[in-house]
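The notes below follow the order in which I went through them.

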Amino acid sequence: MKTHIIYIIGVLLLSGCSRRGSDVAKQDTSQEKLQSGILQPERENPGGELPDSLPAVHVYTFNYSDPSFPCEPEGGAMIKGFDTDGNGRLYIAGGSPVRIACYNGQNKEFDAVISYSACNHAIMSLQGDSILFVEESVRRIAVLPKDGTGDVRHYNLPLKETDSIMSGAFRGSDLELEVYDSNSQAHSHEEFEKNTHVCLFPAQGSWAKKKMCDGTARLQNPREFLSGEAKEKLECYSYKGLHHGMHLFYRHELFLGDIALVDKAGHIRAEASFAQMPPINTCCGEDEHIGWYSSPNLYRVKGYSFFLSAYDSKEKTISFLEYDLKPLYDFANSSPHTSINGTVRRIGE
């Protein structure tokens with residue numbers, strides 16, 4: 001649908017996701033690999049020194065061409081969801097049908113089919129004792145015990161059959177979805193927005209009985225509050241949420257990852273690059289016209305740890321990396337600072 005494509009292009013431009021072709025080949029290597037353990041210990045940064053780059057403290061690497069790894073059979077390293085407990089246990093969704101595999105370090109603890117529907121926005125969350133996964137095309141939530149035991153439960157969301165889920169995310173225990181009425185005729189972006197609304201599903205009791213919809217609401221634009229210089233500098237960054245009093249922005253270019261902390265006034269307080277990055281960021285959906293696209297749901301923050309995934313099409317490996325952002329926060333919170341043209345710098349620089 002033309003309007004569907006226009007919308008996705010807009011979302012992807014805002015998120016700064018780089019498209020990559022579907023470069024897939026068979027691989028005779030069948031063993032999953034785990035690269036390294038703790039590469040650098042967590043440390044305090046009382047002097048407020050800004051590191052040139054942040055090393056990964058954990059890197060978990062798998063052979064994505066191995067049939068046991070949950071990804072598209074012919075889709076390379078495309079996955080459908082990711083979360084972690086922050087202590088070495090990874091929950092990865094992918095494949096067709098969609099499976100969730102739990103890895104404790106290198107060891108797979110379980111692998112369970114969770115959905116037979118089309119899912120393209122990685123709307124998944126580990127909450128309490130359960131893994132929640134949105135089955136977009138059938139407008140349901142699938143719930144699986146986090147230990148992999150027991151049956152998968154499915155809850156219908158109170159949406160119309162013509163409602164198309166365009167994006168969404170779990171905000172704490174609540175589910176927020178942006179929904180478009182596919183019966184509507186839209187010939188422009190403005191008309192498309194008029195037929196798009198936000199639904200909030202509080203996670204209390206039955207999902208089917210709890211819903212608040214606002215036909216005029218839109219998902220928050222995380223760039224509106226940025227200072228002029230920050231807005232320009234972070235143009236190709238995607239927003240990863242508010243954590244420890246700072247807004248988190250991230251971008252991934254070929255072999256390069258950059259992170260930025262922005263204060264509530266919209267000024268950049270700290271920036272750094274990530275070391276050891278595989279070349280291509282992981283995506284979760286595909287459109288026949290624009291190719292692969294990613295989602296903010298594939299990135300996780302647990303405490304001061306930032307988790308992401310990226311892959312290497314030459315090696316046929318996908319890596320899940322953990323970075324300790326504590327040194328960056330120490331610098332951002334050090335004083336005194338002064339603001340120059342919208343970017344905060346320490347006095348004397």
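Predicted model: local features only at pLDDT ≥ 70, side-chain atom pairs only at ≥ 80, totals over all residues.

**Entry 1, charged pairs.** I then looked up the accessibility of both partners: Asp258 counts as buried at 12%, whereas Arg251, at 28%, counts as partly exposed. Over the whole structure, the search finds 14 salt bridges.

I next followed Asp83, which is buried with a relative accessible area of 2%. The side chain of Asp83 meets that of Arg300 in a salt bridge of 3.7 Å, N to O. Asp83 belongs to strand E3 (residues 81–84) and Arg300 to strand E22 (residues 300–302), so this pair ties together parts that are 217 residues apart in sequence. Arg300 is buried too, at 14% relative accessibility.

Asp83 has a further salt bridge, to Lys302, with the closest N and O atoms 3.3 Å apart. Here again the partners lie in strands E3 and E22, so the contact ties together parts 219 residues apart in sequence. Lys302 is partly exposed, with a relative accessible area of 28%. Through shared partners, salt bridges join Asp83, Arg300 and Lys302 into one network.

I counted ring pairs next, and the total comes to 15 aromatic pairs. Phe82 and Phe320 form a tilted pair, 5.1 Å from centre to centre and with 35 degrees between the planes. Phe82 lies in strand E3 and Phe320 in strand E24 (residues 317–324), so the pair ties together parts 238 residues apart in sequence. Phe82 is buried at 0% relative accessibility, and Phe320 is buried at 2%.

Trp292 and Tyr311 also form a tilted pair, with 6.3 Å between the centres and 40 degrees between the planes. Trp292 sits in strand E21 (residues 291–293) and Tyr311 in strand E23 (residues 305–312), 19 residues apart; both Trp292 and Tyr311 are buried.

Which residues form one aromatic cluster? I found Phe62, Phe69, Phe82, Tyr103 and Phe320 in that cluster.

I then checked for charges over rings, and noted Lys240 over the face of Tyr299, at 3.7 Å from the ring centre, as well as Lys326 over the face of Tyr304, at 5.5 Å from the ring centre.

The largest nonpolar core has 45 residues, of which Phe69, Phe274, Phe306, Leu308, Ile318 and Phe320 touch the most other members. A second, separate core has 15 residues, among them Ala93, Ala112, Cys119 and Leu126.

Is strand E8 enclosed or open to the outside? I found that 6 of the 6 residues of E8 (residues 130–135) are buried, so the strand is largely enclosed by the rest of the structure. In a regular strand the side chains alternate between the two faces of the sheet. I therefore looked at each face in turn with the burial limit of under 20% in mind: Ser130, Leu132 and Val134 are buried on one side, and Ile131, Phe133 and Glu135 are buried on the other.

Strand E7 (residues 124–127) runs antiparallel to E8 and is joined to E8 by 4 bridges, with Met124 having Phe133 as its bridge partner. The two strands form a hairpin with 2 residues between them, and Gly128 in the turn has a positive phi of about 60 degrees.

E8 also pairs with strand E9 (residues 140–145), in the antiparallel sense and over 6 bridges; the partner of Leu132 in E9 is Val143. E8 and E9 form a hairpin with 4 residues between them, where Arg139 in the turn has a positive phi of about 55 degrees.

Lastly I looked up an open sheet of 4 strands, in the order E11-E12-E13-E14 and with antiparallel pairing. Its edge strands are E11 (163–171) and E14 (212–214), each of which pairs on one side only. From one strand to the next the twist averages 20 degrees. Strand E13 (residues 196–201) pairs with E14 over 3 bridges in the antiparallel sense, and Cys199 stands opposite Cys213 in E14.

Technical notes. Residues numbered from 1 in each chain as written. Heavy atoms only, no water. Buried < 20%, exposed > 50% of the residue type's maximum accessible area, 1.4 Å probe, protein only. Pairing = 2+ DSSP bridges. Axes fitted to C-alpha atoms, helices over the stretch in contact; angles between N-to-C directions. Core = buried A, V, L, I, M, F, W, Y, C linked by side-chain atoms within 4.5 Å. Salt bridge = Lys/Arg side-chain N within 4 Å of Asp/Glu carboxyl O. Phe/Tyr/Trp six-rings, centres within 6.5 Å; stacked < 30°, edge-to-face > 60°. Lys NZ or Arg CZ within 6 Å of the ring centre and 35° of its normal.
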